Amino acid sequence: MWKQNLILSSLILFAGTISPAQNQDTPAVNQLVIIANHAGPVISKDIYGHFSEHLGTCIYGGIWVGPDSKIPNTYGIRNDVLFALREIKIPNLRWPGGCFADTYHWRDGIGQQSQRASIINTNWGGVTEDNSFGTHEFMKLTDLLGCDAYINGNVGSGSVREMSDWVEYLTSGSGSPMTKLRKENGREEPWKVKYFAIGNENWGCGGNMTADFYNNTMKQYSTFLKDYSNNQLYRVACGPYGDNYQWTETLMKDEESRNMFQGISIHYYTVVDGWGYKGSATKFDEREWFETFRLNYDIDRIIKGHKAVMDRYDPMKTKGLVVDEWGNWFNVEPGTNPGFLYQQNSLRDAITAAIHLNIFNENADRVKVANLAQIVNVLQSVILTKDEKMVLTPTYYVFKMFRVHQEAKLLNTDLRCENYVFGDKKIPAVSASASLDNEGKMHISLANLNPNKEIVITCPIIGDTYKTVAGEVLTAKEMAAYNSFEKPEMVKPVSFNGFKLKEDILTITLPPKSVVVLELKK
Ligand code: AHR
């Protein structure tokens, strides 16, 4: 009877999904109801994507050391980074920016490396960019990673011809001046390019355009981005920052425009206390810890706002939302170049990653791609390098733990949980999502945001029976624990046994400030 009531009330709840921000009242029990026999949309693996910009030491030093380096490398790409990224099953990599993309002229980065033009990286520190890492090197990187390429074209300071030539150079197998040039540069076969963005932040660093102006410009550019030799481009139109729904509306309401792209990007960074003093990545108090997560949760409201606009013009959900820049943005580490955006990464960032990835999973019907900013040595990185040393960050381990959700089916869940209260503000203390993979295994990912108390949560599993559970937990003694070059293993996942499964009810004890991923088998 109890179970029947639960099923009924769960089904009623699923008629309208409850977003974390609406979850205001602290319930007597913490409960995550999971409907195991009613799978939702597939969670696109590309939600677990990454972003590499010519910024600071992301590319140079972080990924590319050149074939003559003492650092072990494959065709100039450092091996330690390659192996670590393969482990997290990186699905796609965005390049060359960011703001850099709208200053990048791809022909500067092809041909003999010694002959390539040097330019000034005007966005990031004014340093000289020698273009030794260009199209061929990037495509080799994606090849070695076994991931898809996400290339960001230059609208701001480029031309239609330049962009259309780049796509032809990359993907065409026919005889043409562009394919001839590619072959002269050593690549016979065309590459596959999955994602291609038509500009970046064109409302800002990408040209300071209005939505209407960009919309028209995007249509012109997109007209000349052809699908060559069985390559099908997923064209990403530049979308807005945060909750500027008007920009999305401008692109979506125009039918001609809708035929010109497959996805719209949005960018959202968590910046505690505003863009001036953004706080330290490792020296913070509980107020900053709480504020980080309060702002992280906002991505759910922002996604739902854009979804509402898109649903009006595209109810069949043929267009994707591409969250191609997200993450925590703190002050740079003391003594580092302010233009290089180099920050450490703590347990707080790991929980941030879990919150975002759970929210992307939950919005899998519309969010098709997402890219953490950025992959190595910039902002909320998964990897930090210093000369020949490499450190895997707490964020890296969350991507490793959550990789089980890639291409799995989202399960309907209903989360009722207590709040984490700080001062006069409160946020849901638990973040969660669940999926079913194609071998019938269920994965549940959870985070306990409260640094001061463990949370016991019961998960009634409706509609199917599971026999075994195994899991991993990521936590640490200190909120600001991090992995340094001296102590690289301070924050690492370990095996977790804080659960009980009895009569289809899973009870989990989440340690304070932790991320947990569980695998259930029949
Ligand atoms: O990720 C750093 C910068 O943030 C990107 O270059 C730009 O797109 C955004 O403003």
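## Report on a predicted protein chain

For a chain of 522 residues, a compact globule would have a radius of gyration near 24 Å, and the protein chain agrees with this at 23 Å. That radius is taken over C-alpha atoms, and the globule rule is 2.2 Å times the number of residues to the power 0.38. The model is predicted: local features need pLDDT of at least 70, side-chain atom pairs count only at pLDDT 80 or more, and totals for chains, interfaces and linings use all residues. Residues are numbered from 1 along each chain as its sequence is written, and side-chain values use heavy atoms, with hydrogens and water left out.

**Overall form**

The C-alpha trace spans about 75 × 55 × 45 Å along its principal axes. The secondary structure of the chain consists of 11 helices and 26 strands; these are DSSP runs numbered from the N terminus, helices being H or I with at least four residues and strands E with at least two. Of the contacts with a separation of 6 or more, 77% are between residues 24 or more positions apart, where contact means heavy atoms within 4.5 Å.

The accessible surface comes to about 20300 Å², and carbon and sulfur atoms hold 51% of it. Accessible areas come from the Shrake-Rupley method with a 1.4 Å probe; for residues, only the protein chains shown count as cover.

**Interior**

Buried residues make up 60% of the 522 residues. Buried means under 20% relative accessible area, exposed over 50%, and partly exposed in between (1.4 Å probe, protein chains only). The largest nonpolar core has 152 residues, and those with the most contacts inside it are F360, M442, L446, L506 and I508. Such a core is a set of buried Ala, Val, Leu, Ile, Met, Phe, Trp, Tyr and Cys residues joined through side-chain atoms within 4.5 Å. A second, separate core has seven residues, including Y195, A197, V236 and V369.

L474 lies in strand β22 (residues 468-474) and counts as buried because its relative accessibility is 0%. Not counting residues up to four places away in sequence, L474 touches L347, A350, P394, Y397, V398, M401, V491, K492, P493, K513, S514 and V515. L474 and A447 are 27 residues apart in sequence, and their C-alpha atoms are 9.3 Å apart in space.

Helix α2 (residues 79-87) has N79, V81, L82, A84 and L85 as its buried residues. These buried residues pack against β3 (73-74), β4 (77-78), α3 (135-145), β14 (383-386), β15 (389-392) and α11 (394-402). Just after α2, K89 takes a positive phi of about 55°.

**Backbone geometry in loops**

| Feature | Value | Loop |
|---|---|---|
| W95 to P96, cis peptide bond | omega about 5° | P96: between β5 (92-95) and β6 (119-120) |
| A373 to Q374, cis peptide bond | omega near -10° | Q374: between β13 (367-373) and β14 |
| D273, positive phi | phi about 65° | D273: between β11 (263-270) and α9 (286-313) |
| K317, positive phi | phi near 55° | K317: between α9 and β12 (320-328) |

D273 is not a glycine, and K317 is likewise a residue other than glycine. D273 counts as partly exposed because its relative accessibility is 47%. K317 also counts as partly exposed, with a relative accessibility of 28%.
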